[in-house]
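Open the model in your viewer and get ready to select residues.

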Amino acid sequence: MAPKPQTRTDSPYELLKSHGNVPHLNLACAAALGQDLIEELARLYFETYQGGFPYLFHQPSFLDNVRDGSIPLILLYGVMGLSARFSTHPSLRATNPWERGMPYAKEAERLLDLHTVSLTTIQACMLLALNFVNQGESNTECVYFAIAARMALLLDLPNAPANTRLEQEINLRVWWSIVTTDTWSSASLCLPRAIKPQDNISLPVDEWTFAQMSRDQPSIPNSLVDHPSHSALAHLVELNKLLYEIHRLNAMVVDDHLSDAEARHSTESLSSSLQRWASCLPPQLQYTDANMARWTTDGICNIYAALHINYNHAGQLLFYRFLHTSEGVQDGYIAAKVCANQCKQHAAILCDLIYNARERHGVDLRYSLLGHVLVIASTAQIHSLLFSVDEGEISRAKLRLERNFETITRLHTYWPNVSASFSRLAAFHSACLKGRQTSFRLDRWMLRFMLQFSQPIDEKEEDMIAETEGLKPFDQLRYLLER
C-alpha cells in the first residue's frame with residue numbers, strides 16, 4: 001500500500017534567515033530588502049492594516065520572528081505586499097505606492113504550496129486574497145478566500161491540536177477572520193458563504209490578554225476557553241452575524257420575497273438586535289472620546305474604531321431603503337421618516353468617527369474598505385441635500401461630503417481599488433440627476449451599489465432595468481437568500 005500523503009503537517013516554508021538572494025523579485029525590490037526595510041514593512045502592516053478583521057498574527061511574536069529570521073518568507077512577502085505602499089523608506093519613494101507591493105505579493109504567490117494544508121498556508125491565502133482585492137481583482141480574492149476556508153475546515157482549525165495557548169488563540173482568530181471576511185466577500189459577489197458561523201466555537205480573548213501571551217504558555221482544553229465580554233474582536237464576530245442578516249433582508253426585499261408587513265417586522269427585529277448588541281458592550285468598548293484615547297494610547301485603536309465603523313455601517317444599510325420611502329410621505333406614515341433619520345444618524349456618526357480618530361487622536365485609518373463605507377454614508381448626505389428643508393442639516397451634509405471626498409482621495413493614494421469607490425459615487429450622482437425621486441429606491445442596482453465594494457458599477461438606466469435585469473450577474477441573488 002502506498003504511504004498516505006502528509007497533508008496536515010506544517011512543512012516549513014523557506015525562512016528569512018536561510019534566504020540568500022531574491023531572484024524572482026525585480027531588481028529594485030531585491031536591492032531594497034535590507035533588514036531595516038523588512039522590519040519597517042512588517043511593523044507598518046500592524047500599524048495600518050491589522051485592525052478588526054482579518055486578524056492573522058500575534059504582533060509581538062511575528063515581529064520577533066522577523067528580527068531573528070524565522071518568519072516564513074511567504075508570510076513576510078504577503079505582509080510586505082500590503083504595507084509597502086505606506087513606507088517612507090528612501091528605496092521606495094520613487095515608486096508609485098500602488099506598485100510597491102505587487103512584486104512581494106507575486107513572490108508570495110509563487111511560494112504558495114497547496115499541498116501543504118497548514119495554518120501558514122491559510123494565512124498566506126488570506127494575505128494573497130487581500131493583496132489582489134486591493135488591486136481590483138475580486139475574483140482572485142474570492143478563490144484565495146475559498147482555499148483558506150477549505151483548509152480551515154480540513155484542519156478543524158478552531159479545535160485543532162495546539163502546543164501553546166498562543167497557537168490556540170491564533171487558530172481561533174484566523175478562523176473567525178475567514179468567517180467574518182467571507183460575509184463581505186461573498187455578499188459582494190453574491191456567492192454562497194464558504195463557512196457558516198457556529199455558536200459552539202469560542203470567541204477571541206480581549207486584545208490586552210492576547211498581546212501579552214507568551215510562546216511558552218501551555219494550551220488549555222477548548223472547553224475551558226472563555227467567551228470573553230471585553231474583546232473588541234469577539235463583539236465584531238457577533239455584529240458580523242447581524243450584518244449578514246441585514247444583507248439577506250435587503251436581498252429578500254429586492255427579490256419580492258417579503259410582504260410589506262414581513263419586511264417591517266424583520267426590520268424591527270434586526271433594529272432591536274442592533275440596539276441590544278450596542279447596549280451589551282462593556283463600558284470600555286462604548287463609543288466615547290475617552291475610550292478612543294485609551295485604545296489609541298495602547299496602540300490598538302484600529303480595532304476599536306473598526307468595531308464602531310462596522311456597527312454604524314450595519315445601521316445605515318438596515319435603514320437605507322427608507323430614504324426612498326420617506327420622500328414626501330404624509331404624517332400618517334411617520335415610521336418611514338423615523339427609519340430614514342436613523343440611517344442618516346448612523347451615516348453621520350460613521351463619518352464623524354473617522355474625522356475624530358484622525359484629527360483628535362492621530363489615528364489615520366487607511367484600509368481600503370473604508371472608501372466603500374464612506375461612499376454609502378456620502379449618499380445619505382446627498383439625500384439631505386436633495387430633500388431636507390433644514391438649513392443646519394444641509395450645511396452639515398455639505399461639509400461631510402467634502403470631508404468624505406478628501407478622505408477617499410487620500411485612500412486612493414494607496415489603494416487602486418478605491419477607484420471603484422469614486423466611480424460608484426459618480427454613478428450614484430448621475431442617477432440622482434436623471435431622477436432624484438427614484439435614485440434611492442432599493443432595487444437590484446441599488447443592492448449591487450451597497451454590496452459590491454471592490455468593483456465599479458454601471459450607471460443606472462431606468463428604462464433598461466426591466467428588460468436587462470435577468471441578464472445581470474447579480475441574478476445569483478438566490479445565494480444571499482440561503483441560510
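How do the residues of the lining of the second largest cavity divide into nonpolar, polar and charged? Keep that in mind as you go. Note that this is a predicted model.

**Stop 1: the overview.** Rolling a probe the size of a water molecule over the atoms shows where empty space is left. In this structure there are four cavities of 30 Å³ or more.

**Stop 2: the largest cavity.** Select Phe-53, Pro-54, Trp-184, Tyr-367 and Leu-369. Of the 29 residues lining the largest cavity, these five are the closest to its centre. The space there comes to about 490 Å³.

What is the lining of the largest cavity made of? It has 16 nonpolar residues, twelve polar ones and one charged.

**Stop 3: the second largest cavity.** Its volume is about 50 Å³. Select Trp-184, Leu-236, Leu-239, Asn-240, Leu-243, Asn-310 and Ala-314, which line this cavity. Two elements, H11 and H14, each give two or more residues to the lining. H11 supplies the largest share, with four residues.

**Last stop: back to the opening question.** The lining of the second largest cavity has five nonpolar residues, two polar and no charged.

Terms used: Residues are numbered from 1 along each chain as its sequence is written. This is a predicted model: local features need pLDDT of at least 70, side-chain atom pairs count only at pLDDT 80 or more; totals for chains, interfaces and linings use all residues. Side-chain values use heavy atoms; hydrogens and water are left out. On a 1 Å grid over the protein atoms alone, a cavity is a set of points where a 1.4 Å probe fits but cannot get out, and a pocket is an open set with protein on both sides within 12 Å along at least five of seven lines; lining residues have an atom within 4 Å of a point. Grid points are joined across faces, edges and corners, and a volume is the space filled by probe spheres set on the points. Ala, Val, Leu, Ile, Met, Phe, Trp, Tyr, Cys and Pro count as nonpolar, Asp, Glu, Lys and Arg as charged, and the others, Gly among them, as polar.
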